[in-house]
Amino acid sequence: MKKLIWMLVLTALIGLAIVPVAFASEGNTNTDDVGIDERNGKPKVVLGEALSEEQKDKVRSLLKATDPDQVEEYIVTAEDLVNFIGGDPSSNMYSSAKITRKNEGYGVVVNIVNPENITQVTNEMYANALLTAGVENALIEVASPLKVSGHSALTGIYKAFNVDGGEQLDQERMEVANEELDVATDLTEQSGIEKEKVSQLLTEIKQEIADQNPATKEDVERIVSEQLEKLNIELSPEDREMLTNLFEKMRNINIDFGKVTDQLDSIVSDLKGKLDEVTGGDTEGFWQSVKDFFKNIVDGIRGLFN
């Protein structure tokens, strides 16, 4: 009985150690009920076509878009994926988004309202890609009723900016932005780099491109190498080439990141703030304390059975 009680205590301690880290990654929902902003029009809600009616209702609830008079609603399809970024026509579209236009100077703010169901893409990854695509001054809220990677939400956001003959995003920029999102998730899933670190890397490369205005691919490659070294990130030659090719495409289509320098600064600041919130500003010491904590737990469990 005594051993059982100690096991329960240890389990509770593990839970207490993990919970703060999980809370730090949660998205925020916009709970203000201010009605329609008559200057910028109704928010647009774009739902994945693979969702059932019940799942669509759940997404509407998550996005606080249950009143049809307060929003404009669209369905994002695999055909949209083909039209906007030349994607796979057999793709299933699940992740959905609500796009609320804002006044000049607002920037691009992304909130994943249920991050436990968006498994690969983070707020910062979306924001980075949307800046590349040319999106400005919008609050983007992303949701899914089931676990998905989160990639299809980007196409839904594109659709919201290209409907009804209104503002049109540039085709090449949308395609490069989608490639950027793929590169970001590949680096986290295949190369094992933390999502926040990948977002910081992409953002700071953009800042350097804005500052230095590279004239050749070699200049882009140098900037990529400098930022990898600065952030102490080790990549394979193949991943380095993938990253360089991505930013070379951005250079070739003349994306001016100087226009969104403040937004890039904000993304980096938010990323550092998230990490500092968890670590108290001592990243290395934090992770060492986590390792020590779990080592002590393992040693304690072993002692129970000796």
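In strand E5, Val108 has Ala138 as its bridge partner. Strands here are DSSP runs of at least two residues (E), helices are runs of at least four (H or I), and both are numbered from the N terminus. This is a predicted model, where local features need pLDDT of at least 70, side-chain atom pairs count only at pLDDT 80 or more, and totals for chains, interfaces and linings use all residues. Residues are numbered from 1 along each chain as its sequence is written, and side-chain values use heavy atoms, with hydrogens and water left out.

Back to E5. Five bridges join E4 to E5, and these two run parallel. Two strands pair if DSSP finds at least two bridges between them. Strand E3, residues 96–101, is joined to E5, residues 138–143, by six bridges. That pair runs antiparallel. Two of its partners: Ser96 goes with Ala143, and Lys98 goes with Glu141. In general, strands of a sheet pair through backbone hydrogen bonds, either parallel or antiparallel.

Now the whole sheet. In what order do the five strands stand? The order is E2-E1-E3-E5-E4, in an open sheet with mixed pairing. E2 (72–76) and E4 stand at the edges with a single partner strand each, so one side of each has no neighbour in the sheet. Neighbouring strands are turned by 20° against each other on average, direction ignored.

Is E5 enclosed or open? Six of its six residues are buried, so E5 is largely enclosed by the rest of the structure. Buried means under 20% relative accessible area, exposed means over 50%, and partly exposed is in between, with a 1.4 Å probe and protein chains only. Both faces of E5 are covered. Ala138, Ile140 and Val142 are buried on one side. Leu139, Glu141 and Ala143 are buried on the other.

Next, the helices on the sheet. Helix H2, residues 53–62, lies across E1 (44–48), E2, E3 and E5, at about 145° to E1. Helix H5, residues 152–160, packs on the sheet too, touching E1, E2, E3 and E5. The direction of H5 makes about 130° with that of E2. Such angles run from 0 to 180 degrees between N-to-C directions, with axes fitted to C-alpha atoms, for helices over the stretch in contact. Contact means heavy atoms within 4.5 Å.

Asn114 sits between strand E4 (108–112) and helix H4 (123–133). Asn114 is buried, at 4% relative accessible area. Its side chain reaches the backbone oxygen of Ser144 at 2.5 Å. Leaving aside neighbours within four places in sequence, Asn114 is in contact with Leu62, Val142, Ala143 and Ser144.

Now helix H8, residues 217–230. H8 has 14 residues and reaches 20 Å from first C-alpha to last, close to the 20 Å expected at 1.5 Å a residue. That expected span is 1.5 Å times one less than the number of residues. Val220, Ile223, Val224, Gln227 and Leu228 are buried in H8. They cover an arc of only 135° around the axis, which puts them on the same side of H8. The arc uses directions from the helix axis to the C-beta atoms. These buried residues pack against H7 (195–212) and H9 (237–252). On the other side, Glu218, Glu229 and Lys230 are exposed.

Last, two asparagines. Asn232 lies in the loop between H8 and H9. Its phi is positive, near 55°. Asn232 is exposed, at 66%. Asn254 lies in the loop between H9 and helix H10 (261–279). Asn254 has a positive phi of about 60°, although it is not a glycine. Asn254 is exposed as well, at 65% relative accessibility.

Methods
A polar contact is a pair of N or O atoms within 3.5 Å; within protein, one must be able to donate a hydrogen and the other to accept it, and residues adjacent in sequence count only if both atoms are side-chain atoms.
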